[in-house]
Amino acid sequence: MEIISVIPRGYCQGVVRAIKMAQETAMANPGKDVYMLGMIVHNTFVVNACKKMGIKFIESPGKTRLELLDEIENGIVIFTAHGVSDEVRKKALAKKLEVVDATCPYVERTHTLVKSHNGDVIYIGKKNHPEAEGTVNLGPHIYLVSSVDDVERLDDLSNVMITCQTTLSLLDMRTVMDACLRKYPNAIMAPEICNATRIRQEAVMNLHDVDCLIVVGDSRSNNSRQLALIAEKVDIQYSYLIDSALQLQEYMVQGKERIAVTSGSSTPNDLTAQVISILKKYEKTGVFTPAQEVNCQIL
C-alpha cells in the first residue's frame with residue numbers, strides 16, 4: 001500500500017482571510033452582538049469554532065441573504081466568503097448595522113465583471129448556492145444556468161457574456177459552457193473558476209495509477225464534492241468524501257494499492273493531517289486504528 005498526499009490541498013487564501021476577519025471582529029468587540037450571515041465557509045468545524053468565539057450564525061434553508069437580514073436588528077454583521085448582492089449591502093446599511101465584508105477576492109472580481117458588462121450575462125452555477133445567489137441578484141440581466149437543459153430554455157439574449165461560480169468542477173463547467181457557446185456562438189467567454197479551485201481539481205485529474213481517493217471536506221462544500229466527483233470521471237475506481245478521520249473506515253482502504261488524500265479549500269489542515277496519519281500507520285503496520293476524537297485548530 002502507498003499513501004499519496006496530494007498537493008496542493010486544503011485552505012485557499014480567501015478562506016484564511018475570511019476566518020481571520022471573523023476572529024479579529026469577535027476579539028475586537030467583546031460583549032457586542034456579532035452575526036454571520038450564512039455559514040462563513042461550508043465546514044462544520046470552522047463554524048463551530050466561530051460559535052465558540054461568540055459569533056451568532058443566521059442561516060435558514062430556503063431563505064435568501066436578503067431575508068435573513070430581517071433576523072438582525074443591531075450589532076455587527078459579517079458577510080461570508082461567498083459574497084452578497086448589492087441589495088443585501090444596502091439593506092444592512094439601512095438597518096444601521098456595522099458591516100464586515102469577508103467576500104473572497106475572486107468572487108468580488110466576478111461581481112465587478114458582471115456589473116461592468118453592458119449586455120446579458122449567463123452565469124453557470126449551482127441553484128441555491130450562496131455564491132450564485134449573490135451574483136445572480138446583482139441585476140435583472142443575469143441568468144443562472146446549472147445544466148445543458150437550463151441553457152436550452154434561455155430566450156434570445158443580446159451581447160452575451162458567460163461566466164461562472166468560482167468553485168465549479170472544470171469538467172462540468174466545460175459541458176455547460178459548450179452548450180452556451182452552441183446557442184450563443186458570439187458570446188464573450190469569461191470563466192471565473194478561482195485559481196485555488198482549479199489547481200486542486202487539476203491535481204486530482206493528474207493522478208496516475210491510483211485506485212482510491214479520500215477527500216476530506218464537508219458534504220455541503222461544493223469544491224470538496226467536486227473533487228470526489230472528478231475522481232470518478234478520471235477513472236479512479238473508489239472515491240470517498242469524509243468530513244474528518246471519524247468517518248474514515250477500514251473498508252474504504254482495505255486491499256487498495258495506491259491511496260491518494262486531498263481536501264477541499266474550506267477544510268482545516270488538521271483534519272487532513274489526522275486522516276493521513278491514520279493511513280500511514282495502517283500502511284506501516286497493517287492494523288487499522290480508527291479515530292476516537294478530532295482535535296482541530298481552524299488556523
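Tutor: The model is predicted. Ser-224 sits in helix 10, which spans residues 222-233. Ser-224 counts as buried because its relative accessibility is 0%, under the 20% limit for that class. Its side chain makes a polar contact of 3.0 Å with the side chain of Ser-221. Beyond four places in sequence, Ser-224 is in contact with residues including Val-215, Val-216, Asp-218, Leu-241 and Thr-267.

Next come the cores. The largest nonpolar core holds 29 residues, and Ile-40, Val-46, Ile-55 and Ile-78 have the most contacts inside it. Two or more residues of this core come from each of helix 1, strand 2, helix 2 and strand 4. Helix 1 gives the most, with seven residues. A second, separate core has 21 residues, among them Cys-212, Val-216, Val-275 and Leu-279. Val-216 is also one of the residues in contact with Ser-224.

The charged pairs remain. The whole structure has 15 salt bridges. In one of them, the side chains of Asp-33 and Lys-56 meet at 2.9 Å, N to O. Asp-33 lies in the loop between helix 1 and strand 2 and Lys-56 in strand 3, so this pair ties together parts 23 residues apart in sequence. Asp-33 is partly exposed at 26%, and Lys-56 is partly exposed at 38%.

Arg-153 forms another salt bridge, with Asp-150, their closest N and O atoms being 2.6 Å apart. Arg-153 is exposed at 59% relative accessibility, whereas Asp-150 is buried at 10%. Lys-127 joins Asp-150 and Arg-153 in a network of salt bridges.

Terms used. Residues are numbered from 1 along each chain as its sequence is written. This is a predicted model: local features need pLDDT of at least 70, side-chain atom pairs count only at pLDDT 80 or more; totals for chains, interfaces and linings use all residues. Side-chain values use heavy atoms; hydrogens and water are left out. Helices (H or I, at least four residues) and strands (E, at least two) are DSSP runs, numbered from the N terminus. Buried means under 20% relative accessible area, exposed over 50%, partly exposed in between (1.4 Å probe, protein chains only). A polar contact is a pair of N or O atoms within 3.5 Å; within protein, one must be able to donate a hydrogen and the other to accept it, and residues adjacent in sequence count only if both atoms are side-chain atoms. Contact means heavy atoms within 4.5 Å. A nonpolar core is a set of buried Ala, Val, Leu, Ile, Met, Phe, Trp, Tyr and Cys residues joined through side-chain atoms within 4.5 Å. A salt bridge is a side-chain nitrogen of Lys or Arg within 4 Å of a carboxyl oxygen of Asp or Glu.
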